[in-house]
Amino acid sequence: MKNLVILGGGYGGMKILSELLPNHLPEDVTITLVDRVPYHCLKTEYYALAAGTISDKEIRVTFPEHPRLVVKYGEVIGINTSDKKIELKDAEAISYDDLVVGLGCEDKYHDVPGAEQFTYSIQSIDKSRHTYSVLNNLGPGSVVAIVGAGLSGVELASELSESREDLQIKLFDRGNHILSSFPERLSKYVENWFVKNNVEIINNSNITKVEEKKLYNHDVPIDCDVIVWTAGIQASKIVRDMDGEKDRMGRLVLTPLHHLPSDEHVFVVGDCASLPHAPSAQLAEGQAEQIVEVLKRRWKGEEPPTSFPPIKLKGILGSLGKKHGFGLMADHAITGRVARLLKSGILWMYKFHNG
């Protein structure tokens, strides 16, 4: 029996499972899925979990069941490509024939002193739970600083402003406008929403140091009760420690077939893969579909495709609380209730098809 090992039950890992199970897995192939938690987590909704507007259960999806699928709950501590083994903390190593690495990402602190030690995160479900506990135990009038005004920071700030109107929320961003990767029109729309909802935006910021309950913007100290870091990501440390060419975010550079140039049996999906687009659930799922095509042909003894067409992304949507949103769909900017309804509908469809 050949063993396909998938590290991480995120969007890419789940898509591979849904493409192969229940009827497209060859009789001589088994799948071993390794994850730190016993369910798939909707990472795009961690901001709402941290803000306290949804429950933990609402962002969990059970893994599929199949006679030749084994789910291992554990923490990966190393990948030995020479021996084709996955090293787990406090558990036996797992051997693989083909490997898909989808271990996700971690916060990138840009060498800011104290940032990792004194800030909170929404990069994993356990960290989001902890952030929720801290935020929702704050007294009225407490100051919450959110460092980074990309999609995660904006969604967290907006959701928290609705969940806890009594808090003073400060959103720090390096640029002239928040959401720098979006058109200026959308950035200004979101900025105006924040003004109406009493979220303070500090543009052109430069966080030079973080201490307990204090951050330094251009070396000027600002007292805060809680600081949440959403100012950048990098690939999982396991991936950053692997041999191979990487980009500035520590993501592995791949062939057009999504495997390592030095090893056709090691595929990389999602936030760990160096791709021309920003990491997203859509991108991971698009990769997963193409990886499955390579594996199916290989298992049949056929030649894989020489290349794949570029992965097409339908767009990106963000929420501003429960009633408003913003986004780009087919390069068209949308704002307001329509954007929020679209995001809610896509989330419902995903849970319906995977739950």
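Start your tour by selecting helix H8, residues 281–299. H8 runs for 19 residues and spans 27 Å from its first C-alpha to its last, close to the 27 Å expected at 1.5 Å a residue. Keep in mind as you look around that this is a predicted model.

**Around H8**

Now show the side chains of H8. Its buried residues are Leu283, Ala284, Gly286, Gln287, Ala288, Gln290, Ile291, Val292, Val294, Leu295 and Trp299.

**H8 with H1**

Next, select H1, residues 11–20, together with H8: their axes come within 8 Å and cross at roughly 40°. Angles from 65 to 115 degrees would count as roughly perpendicular and those under 35 as roughly parallel, so H1 and H8 are oblique to each other. Their crossing is right-handed. On the H1 side, pick out Tyr11, Gly12, Lys15, Ile16, Glu19 and Leu20. They meet Ala281, Ala284, Glu285, Ala288, Glu289, Ile291, Val292, Lys296 and Trp299 of H8. Colour this contact by class and you will find 9 nonpolar, 1 polar and 5 charged residues.

**On to H4**

Move to helix H4, residues 125–135, where Ile125, Ser128, Thr131, Val134 and Leu135 are the buried residues. To see what covers them, bring up elements including strand S3 (40–41), helix H2 (46–51), strand S11 (143–147), helix H5 (151–163) and strand S17 (226–229).

**H5 with H6**

H5 passes H6 in a left-handed crossing. For the contact itself, select Val154, Ala157, Ser158, Ser161 and Glu162 in H5, then Val190, Trp193 and Phe194 in H6. By class, this contact of H5 with H6 holds 5 nonpolar, 2 polar and 1 charged residues.

**Last stop: Met329**

Finally, centre on Met329 in strand S22, residues 324–329. Is Met329 buried or partly exposed? Its relative accessibility is 25%, so Met329 counts as partly exposed. Beyond its neighbours within four places in sequence, Met329 is in contact with Lys314, Gly315, Ile316, Leu317 and Ile334. To finish, draw a C-alpha to C-alpha distance from Met329 to Lys72: they are 38 Å apart in space and 257 residues apart in sequence.

Conventions:
Residues are numbered from 1 along each chain as its sequence is written. This is a predicted model: local features need pLDDT of at least 70, side-chain atom pairs count only at pLDDT 80 or more; totals for chains, interfaces and linings use all residues. Side-chain values use heavy atoms; hydrogens and water are left out. Axes are lines fitted to C-alpha atoms, for helices over the stretch in contact, and angles run from 0 to 180 degrees between N-to-C directions. Helices (H or I, at least four residues) and strands (E, at least two) are DSSP runs, numbered from the N terminus. Angles under 35 degrees count as roughly parallel, over 145 as roughly antiparallel, 65 to 115 as roughly perpendicular and the rest as oblique. A crossing is left-handed if the near helix is turned anticlockwise from the far one by less than a right angle, and right-handed if clockwise. Contact means heavy atoms within 4.5 Å. Ala, Val, Leu, Ile, Met, Phe, Trp, Tyr, Cys and Pro count as nonpolar, Asp, Glu, Lys and Arg as charged, and the others, Gly among them, as polar. The expected span of a helix is 1.5 Å times one less than its number of residues. Buried means under 20% relative accessible area, exposed over 50%, partly exposed in between (1.4 Å probe, protein chains only).
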